Amino acid sequence: MKDFVDFINDEASDADIGKAAFECIQAGEVETLVKFFSEKGYSNSESDAKKLIANKDQYKGEKQSAALRSGY
C-alpha cells in the first residue's frame, strides 16, 4: 500500500485526487478521510487524518493555494 508521500507525488500529476482529498478534509470527518485514502490505495492513519482536519483552515489560504499552483 502507498503512503502519504506517494499521495503527494500522485496528486502533483492528478489534480482530481487532490481536489477529492481537499473536499474530504474540509468536510471534517475523520472516518471519511481515512476511507478515502484507503479506497485510493494509500495508508493513512486516523491520527494523520485528525491532523489534516485540525489544520484544514490553513489549506484554504492564498499562500497555500499559490504553493499548490506552483508545484512547490
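Predicted model: local features only at pLDDT ≥ 70, side-chain atom pairs only at ≥ 80, totals over all residues.
Residues are numbered from 1 along each chain as its sequence is written, and side-chain values use heavy atoms, with hydrogens and water left out.

**View 1. Overall fold of the chain.** The chain has 5 helices and 0 strands, in the order α-α-α-α-α (DSSP runs, H or I of at least four residues for helices and E of at least two for strands, numbered from the N terminus). Of its 72 residues, 22% are buried (under 20% relative accessible area, 1.4 Å probe, protein chains only). Among contacts with a separation of 6 or more, 45% join residues 24 or more positions apart (contact: heavy atoms within 4.5 Å).

**View 2. Helices α1 and α2.** The axes of α1 (residues 4–13) and α2 (residues 15–27) come within 5 Å and cross at roughly 120 degrees (lines fitted to C-alpha atoms over the stretch in contact; angles run from 0 to 180 degrees between N-to-C directions). F7, D10, E11 and S13 of α1 meet A15, I17, G18 and A21 of α2. These residues comprise 4 nonpolar, 2 polar and 2 charged.

**View 3. Surroundings of N44.** N44 lies in the loop between α3 (30–39) and α4 (46–54). N44 is buried, with a relative accessible area of 9%. Beyond its neighbours within four places in sequence, N44 contacts V34, F37, A49 and L52.

How values were computed
Buried < 20%, exposed > 50% of the residue type's maximum accessible area, 1.4 Å probe, protein only. Nonpolar A, V, L, I, M, F, W, Y, C, P; charged D, E, K, R; others polar.
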